[in-house]
Amino acid sequence: MKMTRFSLTLTCLSVLLMSCGGADEALEPIEVIDNTQEVNEYYASKPDFFSFKTLADLPTNLEWQNGSHLADIGSDKAVKGGTIYSRLQDFPRTLRVVGPDSNGSFRPYILDYTSLSLAGRHPDEFEFYPGLAESWAVDEENKTVYVKLNPEASWSDDVPVTSDDFMFMFFFNQSSYIVAPWYNNWFGTQYLNITKFDQHTFSITIPDAKPDMDNRVLSLGPKPQHFYKELGDDYVDRYQWRFQPTTGPYVIKEKDIKKGISIALTRKKDWWAKDNKFWRNRYNMDKIHLSVIRDTPKVFETFKRGEIDQFGLNLAEYWYDKLPNDDKDVAAGYIHKSVFYNQHPRPTFGLWINSSRPLLDNNDIRLGIHRATNWQLVIDKFFRGDYNRMQTSSDGYGEFSHQTLTSRLYDIDKALSYFAKAGFTERGPDGILVNTEGTRLSFTLSSGYEAYKDVFTILKEEAAKAGLDFRIEVLDGTSGWKKVQEKQHDIHFLALGVGLELYPRFWETYHSDNAYDDAFMEDGSVNPDRKVRVQSNNMEMMASFEMDKMIDQYRNSGDKAEMINLAHRMTELHHEYGSFVPAFYQPFYRTGHWRWIKYPDGFNNKHSNNATQHYVHWIDTKLREETLAARKAGETFEPEINVYDQFK
C-alpha cells in the first residue's frame, strides 16, 4: 500500500494522553501520517465495492421509514446532572475500540452502550428507531438498504458525520492494520457494496436477503475518517491511548485518566442528539466515575458506604445474605432492591474447552468432562435455585434455538466410562485417574470472574469424585480475556454477551477460520502446517470441515426455513463435539441502588440485559444530600424491595 507521510516534531503530544517532560528532555520526532491518498486508491481499486453516484440515481419507488410510531425510551421524569460512581475490576488496557485488548469490560462505556449506530433495536418492541439515520428504506429484491443521515449528526469533536465516514468504516475494518481478524472477515465478506449519493445519503448492499437484512446495515456505526488519517502499520501503538471521537454523549478528557486507579466520562452538554426522541430521556448523568476495585467484597463495602451508587445483586450470596431485606440500610429505605425479569438472548456461561490441547483433543475426554461437572449442584447450592440450566450455546432465539436438545447431566458412572475409553481406568492415590503412562487426568480451569470462585470450588470437588482434577486459576477480567484470546487456556469459564438479534451466530465461535490459519486442505483433510489463530472468539478451537460447510451455507442463506434447519444441525454437531459445557442462565437481573438513583416507573425495558444498558436511570442530587443527612441523623424512609415481573 502506498502512503503519504511527513514528520513533525511536537513539544507535547496531548492526543496520546502522555504528559510532557521537563525542558531538558530531548524531543523525538513523531511521524504524522496522512493516509488520504492510500484510502482513495483503495476505493479506486475496488470499484464494485465502493461506488459514487448522485441523488438523481436514487430509486424513486423507495418506501422510507423512520420509526416515529414507536414509544419513546426512558422517562420524561428524568433529570440531567450529577456524577454516578461505579467500579472497574481492572483498568482498561487500551482506549482503542478495535484490535488487541480492546474487547474488555470497559468498551461498553465508550462504544457498545453509548455510541450511536444508524438505528437501534427498540428495547421493548424489537423494531428500529433512528440513531444517526434520519430515515432508511429497504430494497429486499436488490438486497440493499438506503440511508439518509441526520444532517445534525456530529462527532464529539464537532466534525459532522457524513457518508464518507461510512465509506471509510469499510476501509478501516477491512484493513490489516487493525489486527482484528473478525472485523476483516465480517466486513470483507458480509457486504458487497457501499454507494455514496451525497454527504448524507448512501446505500449498502449485502450478499443475501437475510431475514434481518435491515439489521445487517442499520446496526453499523461509522469511523471518523479525520481522526484515523494516521492509520497505518503502527495503529495498535499509535492509537493505544487516544480517545476516538464518538457519536454518543460521553467523552474522556485527558485529566480524567488516572492509569491503574480511575477513569471518568463526561457528558457533552451540547450533544447533537440530546433533544431527539428516543435519546432525550437517557444518558442523564453529567459524569460517570469508574474506580478500579478488583475484589467484589471490597466493591460491596464501598457500595455500603455510599461511595458507589449501585451494586449488582445477581449472586444469591449478596441478595439473600449480605444485603438481606432486613439489612439496616434496606429496612431504613436508604438502599432499594430491585428484581427485573427480562427477555433477551442469554450470555453463554459455560466451560470453553480448548480442543487443541493434549488430551482435550479427545472427544471422550471432553464428553467425560460434561458428565463430571455438576452444574445442577451449583444452581441449587450457589444460586439457591434461582437460576436455570443452559441447554445449548444458542438458547433464547425462539425457533432458531434447538427445541429438544438438552445439556448432559452430572453422572459419575458415565464420566468414568468416557474417561476409560480414553485410557484412564485407574485412580491414583489422590483419587484422580491416571493412564498407563502415569499421566493424571488434570486440567487448569481458569476464569476472569472472581465473583464465581466458590462455583469453581464446587466444580472441583464434584469432578474429583469422577476422577477428574481441576486446577483452579482465578485471574482479573482483563488477564482472563487475554488468556483465552491468545488460546493459552485448557478450560476457561466465561460468557460472551449476545446482542438482540433474530438468530444466533456460529461463524465467530465455531468456524475453523477463527481457530487456525488454513485449517484444512481443499479435500477436507487437516492441514499439517496450520497455525493457531489468536485474537478470535473460537476459544474452543473447534475445527470441523462439516461444521464449516454448514456455517458458510447458513451465512449465505436468505431462506429462513433453511437457516432454522441449519441452526439446529449445527447445534447438534456442536453438542456432539463437546467443546462447550453449558452452565446456567438467569431469567432476571437484580440490583441494589441508593434511593437517589432513579429509574422509570416500570424500571427498565423488556429486552434490556442489565439495569444500566440503556442509560434510562438518573440521579436526584437533592435526594442524595437528603438521604445522607437522614442516615447520619437516624431518620428513615419507607423501604423499597421491588419485583418487576411484567415481562416474566
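1. Glu462 and its surroundings. In this predicted model, Glu462 belongs to helix α13, which covers residues 453-465. Setting aside residues within four places in sequence, Glu462 is in contact with Ala372, Asn374, Leu377 and Tyr410. Glu462 has a relative accessible area of 8% and is therefore classed as buried, since the limit for that class is under 20%. Lys460 lies at a relative accessible area of 32%, so Lys460 is partly exposed.

2. A salt bridge between Lys460 and Asp469. Side chains of opposite charge can pair when their charged atoms come close. Lys460 forms such a salt bridge with Asp469, and the closest N and O atoms are 3.1 Å apart. Asp469 counts as buried because its relative accessibility is 12%.

3. The five-stranded sheet. Which strands form the open sheet, and in what order? The order is β22-β21-β23-β17-β26, with mixed pairing. Strands β22 (469-474) and β26 (580-582) are at the edges with a single partner strand each, which means that one side of each has no neighbour in the sheet. On average, neighbouring strands of this sheet are turned by 25° against each other, direction ignored.

4. The pairing of β17 and β26. Strands of a sheet pair through backbone hydrogen bonds, either parallel or antiparallel. Strand β17 (residues 350-353) and β26 run antiparallel and are joined by three bridges. Within this pair, Leu351 stands opposite Val581 in β26.

5. Domains. The domain assignment divides the chain into domain 1 (32-56 + 73-267), domain 2 (295-334 + 587-644) and domain 3 (350-585). The C-alpha centres of domain 1 and domain 3 are 32 Å apart. Their contact takes 23 residues from domain 1 and 26 residues from domain 3.

6. The interface of domain 1 and domain 3. The size of an interface is often given as the accessible area lost when the parts come together. Here the two domains bury about 2200 Å² between them, with 48% of it on carbon and sulfur atoms. On the side of domain 1, the residues that lose the most area to domain 3 are Gln89, Trp182 and Pro211, together 23% of what that side buries. How many salt bridges cross this interface? The rule finds one between domain 1 and domain 3.

7. Helix α4. Helix α4 spans residues 181-189, and its buried residues are Tyr183, Asn185, Trp186 and Phe187. These buried residues pack against several helices, among them α2 (107-110), α3 (163-174) and α16 (545-556).

8. Not counting residues up to four places away in sequence, Asp327 touches Lys304 and Lys322. Lys322 has a salt bridge with Glu317, in which the closest N and O atoms are 3.2 Å apart. Glu317 is partly exposed at a relative accessible area of 24%, and Lys322 is partly exposed at 32%.

9. Further salt bridges. The count by this rule comes to 37 salt bridges. One of them joins Asp517 and Arg533, whose closest N and O atoms are 2.6 Å apart. This pair links distant parts of the chain, with Asp517 in strand β24 (residues 516-517) and Arg533 in the loop between β25 (531-532) and α16, 16 residues apart. Asp517 is partly exposed, with a relative accessible area of 33%, and Arg533 is partly exposed at 26%.

Conventions
Residues are numbered from 1 along each chain as its sequence is written. This is a predicted model: local features need pLDDT of at least 70, side-chain atom pairs count only at pLDDT 80 or more; totals for chains, interfaces and linings use all residues. Side-chain values use heavy atoms; hydrogens and water are left out. Two strands pair if DSSP finds at least two bridges between them. Helices (H or I, at least four residues) and strands (E, at least two) are DSSP runs, numbered from the N terminus. Axes are lines fitted to C-alpha atoms, for helices over the stretch in contact, and angles run from 0 to 180 degrees between N-to-C directions. Buried means under 20% relative accessible area, exposed over 50%, partly exposed in between (1.4 Å probe, protein chains only). Contact means heavy atoms within 4.5 Å. Domain bounds come from an automatic or database domain assignment. Buried area is the accessible area (1.4 Å probe) that two parts lose on being put together, summed over both. A salt bridge is a side-chain nitrogen of Lys or Arg within 4 Å of a carboxyl oxygen of Asp or Glu.
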